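Please walk me through this structure, from its domains to its helix packing and its chain contacts.

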Amino acid sequence: MCPAPVTAVGRSVPRREGADKVTGRARYTDDIAVPGAWYGRTIRSTIARGAIRSITLDPAFDWSRVVVVTADDIPGDNVVQLIRDDQPVLARTEIRHKEEPILLLAAADRGTLEEAASHIRIEYDTAAPVYAIEEATEVFSTVEISKGKVFEDLKDLEVVERTFRVGLQEQLYIEPQGAIAIPEANGVIRIIGSLQCPYYVHRALKRALKLTDQQAVVVQAETGGGFGGKEEYPSIVAVHAALLARKAGRPVRLIYDRHEDLAATTKRHPGVIRHRTGVKKDGTLVFQDIEIVLDGGAYCTLTPVVLSRAAIHAAGAYSCPNVRIRARAIATNTPPNGAFRGFGAPQSLFAAELMVEHVAERLGMSSVDLRRKWMLRLGDSTATGQVLSESVGSELVLDAALKACGTVGRSDGRTVKRGRGLSLVFHGSGFTGSGEKKLQGTIGFEALADGTFRILTASTEIGQGTKTIFCQLAADALGVGLDNVILAPQDTSLVPDSGPTVASRTAMIVGRLVQDAAAEIRERLKREKPPLRIEKSYIQPDTIHWDETTYRGDAYPVYAWACTIADVEVDMTTGEVRVTDLVTAVDCGKALHPVMAEGQIEGGCLQAVGWATIEEIKMKDGGYQNDRLATYLIPTALDAPRIRTILVENPYSRGPFGAKGIGELPMDGPAPAIIAAIHDATGVWLDEIPATAEKVLAACASR
Amino acid sequence: MRFTLNGTAVSLDVTGTRRLLDVLREDLHLTGTKEGCGEGECGACSVLIDGEVVDSCLVAAGQVEGREVTTVEGLADGGRLSALQQAFIEHGAAQCGICTPGMLLAAHVLLEGSRRLTADDVREGLAGNLCRCTGYTKIIDAVLSCTK
């Protein structure tokens, strides 16, 4: 039926939507013209904690030209549907953080909208806010992991204790949040938006607007980056746009500007991580005692799941007989924190990796040798007691990264000092524990009458290459050319719920469903004629066991591994840290598309370089002080090191063609490697990131 | 006002104080030019005015009277992609794609120069255009592959 296929998997074929992206034809949310649409805007709290006393719409203003939505206009539940029902769509009385949405406005033009906004007065009764982690009393969730015993006999042991702090970080997708809501016949509200998870938005719409499955329609527009920032937050934008559209009886565009996006949307959880590690004189690891506190901000969002991933990764990529990890997420009166690439693991792995350095220093050993001694290998068990039965790349990536590096160039100069640091990390691919089993991600697969094939999935393309690799997987499983496979649009009225595009799960979990569905269709076509349509849902292999109550068992189906080596220059007069070279070796199972795999790893590494060095958020009265792109800096092409990626292929039997998830892994390794490199250069250990020039100077001065 | 847009003469009746970015996107429906920050920090709205890269969010439409404006839509020759656009696809320089139009225009200007480019030249030339997906490595490779 088709010409002899060229194998697609493993080849860096052109990105599906590449031509559209380089010509400007690709349509992102704000690029989509909708006739008659009004502009929307959110009015937010100016205090961090308290109650709304009164809302006054200036009677001198002509309000007939404007639609105003309050909490009273919500037909369903005033709840942002996610894990816990604590976050209102619009605050009715209680205010828990700055920038909390209170009112929504829409008008035919931006001028009227601005004018209307200036004629609203909100008065508050303020209450004493809680900002500091140490002062927080409200707990969102806790996790406790224990293995072996709590070690009390410290005789003949070296015990090293250290506390680390990690800061907030903004995802900073270059396309700000946005959604367009279009009311249609039969009570349908169609959302076109910049988003990672169409079915999260779908559920949120149904709940707040009291819609049926069919009345809520969510379509993903081309999306200009996500990094977790468009996992749960788009539900708020979409519900707000929908409420305005419903009341206005016409389409409404709600597109954030950068300032609003920075000020109001979720950030990476900051936290404090305390380690106490016991080792024998020969370096044998005896116990790890770890405490994690993450700041969730004012509402729960995805915090318990972030905390869970942080806790499971907290012992690092190492084998230890006795482990105790106690983690809790607390509430403060700051804007809610949420999903961000790595999802808690970068925070806890930062501490775990620096602990290896501190123990090595205490013992007078090389930290690379210590890692070799401690690292998880095939057959070893993790902190949750998961026995690693395949695709354990720890040693492979360590060797590959070391081999790729020359010697570090020393500098005798007094002003600029050079140094090198290394880290070894692992990252669980897919949802934690029973997550995939509960979720049962589903795809559809069609053999069409014209001899082509169509994949139906809610997994989104956000730059990482979903559209391309799914077609590659299907083409090879079918034994047809790549051009014979197309992907249906990410539209909830067309595609089943494949689960969210998060957790390094898309290529590995959903990709495997694509491969299996294509193989099944190929078999059926031997006996049947197209058109055919099948659905395929995830079935948890019976070899995976997880106990959610005790946190014992197989926390993830498999892990991806990375070793990162960072070279830095520290300017001793200004304190400025420049990462000059970064090598990262990644065990990805199988590189389905080597160029895209490298691209994702390099982008993740640079995002981590930013988190470790310059991306600092300063707080003021519960809000972000530097909430503009002129003051919140991310690495430019000039700041970025040359990043060299080494792909190590170490197949995983249940991944598509052996692939594992690598979307988040590159966020984990660079920060500890950079801090170790700063120590190598200056002799100073920082316990906190970002390692801004001020902090480096202060640390060097107090030495 | 009159100006040349992607090689074609344009005549428009617009308020000169409006942002060039909005006039391009809303009046001329050229949505390839993106708004990332509206403050001249990210470069997503980069266009060329008389061959120089500028942030169209900081330019009043009236300022381009009588001048030549090039947007991403003007880079391909009819249906044929330019060598640079092709290189962006081949090298994986476009991921989410939102910075790509601005990045292409900044790179285009660099390649127009007579000097042979080094990686450092490219880094400096693209420093006004933020990308959050690629880590810049693939973008730099793509641009360098187009040097003569």
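Helices (H or I, at least four residues) and strands (E, at least two) are DSSP runs, numbered from the N terminus. The model is a predicted one, in which local features need pLDDT of at least 70, side-chain atom pairs count only at pLDDT 80 or more, and totals for chains, interfaces and linings use all residues. Residues are numbered from 1 along each chain as its sequence is written, and chains are lettered from A and ligands numbered from 1 in the order in which they are written.

The loop between α12 (506–524) and β20 (532–537) of chain A holds P531(A). The peptide bond that leads from P530(A) to P531(A) is cis, with omega near 5 degrees. Chain A also has a cis bond from I689(A) to P690(A), again with omega near 5 degrees. P690(A) sits in the loop between β28 (688–689) and α15 (693–701) of chain A. As background, most residues other than glycine have a negative phi, and most peptide bonds are trans.

Two residues other than glycine have a positive phi. For T301(A), phi is near 40 degrees, and the residue lies in the loop between β14 (285–295) and α6 (303–312) of chain A. For H29(B), phi is about 60 degrees, and the loop in question runs between α1 (20–27) and β3 (46–49) of chain B. Are these residues buried or exposed? A residue is buried if 20 or more other C-beta atoms lie within 10 Å of its own, exposed if 12 or fewer, and partly exposed in between, with C-beta atoms placed from the backbone. T301(A) is buried because 26 other C-beta atoms lie within 10 Å. H29(B) has 10 C-beta neighbours inside 10 Å and so counts as exposed.

Next come the domains, whose bounds come from an automatic or database domain assignment. In chain A the assignment gives domain 1 (18–28 + 435–537), domain 2 (32–128 + 180–264) and domain 3 (271–433 + 548–701). The C-alpha centres of domain 1 of chain A and domain 2 of chain A are 32 Å apart. Their contact takes 16 residues from domain 1 of chain A and 20 residues from domain 2 of chain A, where two residues are in contact if their C-beta atoms, placed from the backbone, lie within 7 Å. On the side of domain 1 of chain A that touches domain 2 of chain A, seven residues are nonpolar, six polar and three charged. Here Ala, Val, Leu, Ile, Met, Phe, Trp, Tyr, Cys and Pro count as nonpolar, Asp, Glu, Lys and Arg as charged, and the others, Gly among them, as polar.

Helix α14 (residues 670–682) of chain A packs against helix α7 (residues 345–363) of chain A, the axes coming within 8 Å and crossing at roughly 35 degrees. Axes are lines fitted to C-alpha atoms, for helices over the stretch in contact, and angles run from 0 to 180 degrees between N-to-C directions. From α7(A), P346(A), F350(A), E353(A), L354(A) and E357(A) meet A671(A), P672(A), I675(A) and A676(A) of α14(A). This contact has seven nonpolar, no polar and two charged residues.

Helix α13 (residues 594–613) of chain A also packs with α14(A), at an angle of about 50 degrees and with the axes 8 Å apart. That angle makes α13(A) oblique to α14(A), because angles under 35 degrees count as roughly parallel, over 145 as roughly antiparallel, 65 to 115 as roughly perpendicular and the rest as oblique. The contact includes W611(A) of α13(A) and I674(A) of α14(A). Its residues divide into nine nonpolar, one polar and no charged.

Between the chains, 41 residues of chain A are in contact with 41 residues of chain B. On the chain A side, α13(A) gives the largest share, eight residues. That side has 20 nonpolar, 11 polar and 10 charged residues. In chain B, T100(B) belongs to helix α3 (residues 100–112). T100(B) is buried, with 32 other C-beta atoms within 10 Å. Not counting residues up to four places away in sequence, T100(B) touches K21(A), V22(A), F88(B) and A94(B).

Chain B is assigned domain 1 (2–74) and domain 2 (83–144). Their C-alpha centres are separated by 20 Å.
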